[in-house]
Amino acid sequence: MTATEPNIEELHLQLGLLQMLDVGLVVLDKDYNIYLWNTFMENHSGRLHSRLYKKNLFECFSELPATWFRRKIESVFTLKNRSFITWEQRPYLFHFKSYRPITGNAPHMYQNVTLIPLSSPDGKVNHVGILIYDVTDAAMGRRALEKANGQLEKLSRTDALTGLFNRGFWESQMLHEFNRFARTQSPSTLIMVDIDHFKRINDTYGHPAGDEVIRQLSACLQEATRNTDIVGRYGGEEFALLLVDTKASQANILVNRLRDAVDSLAIPHLDESITFTLSMGMVEISNLFQTYEQWIQLADQALYQSKQNGRNRVTVLSMDE
Ligand SMILES: Nc1nc2c(ncn2[C@@H]2O[C@H](COP(=O)(O)OP(=O)(O)OP(=O)(O)O)[C@@H](O)[C@H]2O)c(=O)[nH]1
């Protein structure tokens with residue numbers, strides 16, 4: 001051993017504490033030969049230090065992302081600076097199983113990795129230390145949180161009974177569409193839909209049957225509209241359909257389809273079947289609306305007229321007439 005070569009035995013002793021810790025430690029020379037492979041690495045890889053000593057890392061572990069990892073190590077040798085790789089950047093370097101009791105269902109051990117330039121007494125960096133931290137618990141915790149947040153976000157947009165957008169989210173989409181029209185002038189049509197004499201349905205068949213009517217109508221609304229349309233439950237038995245890129249004249253096709261679907265709907269209840277009709281109010285967007293609320297108000301007015309004129313009908317109002 002020359003004076004410039006580090007005394008690996010000494011290094012091993014100095015790093016004895018790290019052997020005891022629950023952290024992986026690997027030392028490589030410039031040719032990627034393994035000089036140290038600590039107990040943590042032995043336990044998780046099932047490969048002994050004595051078998052790996054002075055062998056090439058990439059030959060022993062062909063599954064490693066060699067090109068990427070070589071570049072990382074080379075920059076540590078060149079810049080003589082530490083380098084960090086977090087599990088968010090790359091979930092793991094070494095593919096180890098996770099034996100964590102709490103996060104036992106983790107697909108693998110998530111790892112944070114630190115690369116440290118190891119200077120020999122003459123100041124030259126001829127070795128790199130690789131520290132592998134098992135961060136499976138933290139990573140799985142974060143993944144679970146992200147999933148829960150996603151579910152919460154979905155729940156906060158959705159009406160529980162029907163699975164349609166709830167009023168708050170529907171209105172936010174309405175505002176978005178209203179602003180889009182100001183830029184693109186591409187028309188949209190709003191239809192407010194209300195079940196006729198719904199109170200009577202509740203009173204006659206009971207509240208759960210009323211709920212079933214609402215659910216089945218919601219399915220009809222989704223069936224009759226396109227994926228790009230924005231369908232929401234606006235209130236108890238009132239629904240709002242925002243038909244994107246659709247003029248009022250084109251929307252009539254949908255209205256007829258919806259009425260046909262509802263006409264043929266007979267919801268079984270004990271020995272009877274429940275039938276019902278719809279009243280609707282339809283309004284195409286206009287530059288004369290200053291706010292999206294004015295658009296909704298006019299559609300509500302059209303719906304009110306349908307009710308006043310005997311129900312089971314559609315009233316179309318326009319701002320531009
Ligand atoms: N089952 C059920 N009923 C609801 C729900 N939300 C609102 N309702 C009921 O819907 C009924 C609405 O009654 P009204 O506003 O008088 O309207 P209507 O009986 O449909 O009469 P018109 O709209 O004038 O044809 C009320 O009895 C509410 O209790 C719900 O989620 N489930």
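Which of the 17 residues around the ligand come nearest?

## Ligand surroundings

In this predicted model, the residues that come nearest to the ligand are Asp 196, Phe 198, Lys 199, Gly 210 and Gly 236, out of 17 around it.

Sorted by class, the shell around the ligand holds eight charged, five polar and four nonpolar residues.

## Overall fold

The protein chain contains twelve strands and twelve helices. It has 321 residues, of which 31% count as buried. Considering contacts between residues at least 6 apart in sequence, 60% join residues at least 24 apart.

## Nonpolar cores

The largest nonpolar core has 44 residues, and within it Ile 191, Met 282 and Ala 299 touch the most other members. Helix H12 (residues 292-308) gives the most to this core, namely seven residues.

Beyond its neighbours within four places in sequence, Ala 299 is in contact with Leu 190, Ile 191 and Met 192, and also with Gly 281, Met 282 and Val 283. Another core, of 28 residues, lies apart from the largest one; its members include Ile 34, Tyr 92, Leu 118 and Ala 139.

## Confidence

Mean pLDDT for the protein chain is 91, and 92% of the residues reach 70 or more. Confidence is highest in S6, at 98, and lowest in helix H1 (residues 8-14), at a mean of 65. Where pLDDT is low, predicted coordinates should not be read in detail. The model has an ipTM of 0.93 and a pTM of 0.68.

Methods:
Residues numbered from 1 in each chain as written. Predicted model: local features only at pLDDT ≥ 70, side-chain atom pairs only at ≥ 80, totals over all residues. Near = placed C-beta within 6 Å. Nonpolar A, V, L, I, M, F, W, Y, C, P; charged D, E, K, R; others polar. Helix = DSSP H or I, 4+ residues; strand = E, 2+ residues; numbered from the N terminus. Buried ≥ 20, exposed ≤ 12 C-beta atoms within 10 Å, placed from the backbone. Contact = placed C-beta atoms within 7 Å. pLDDT = per-residue confidence, 0-100. Core = buried A, V, L, I, M, F, W, Y, C linked by C-beta atoms within 7 Å.
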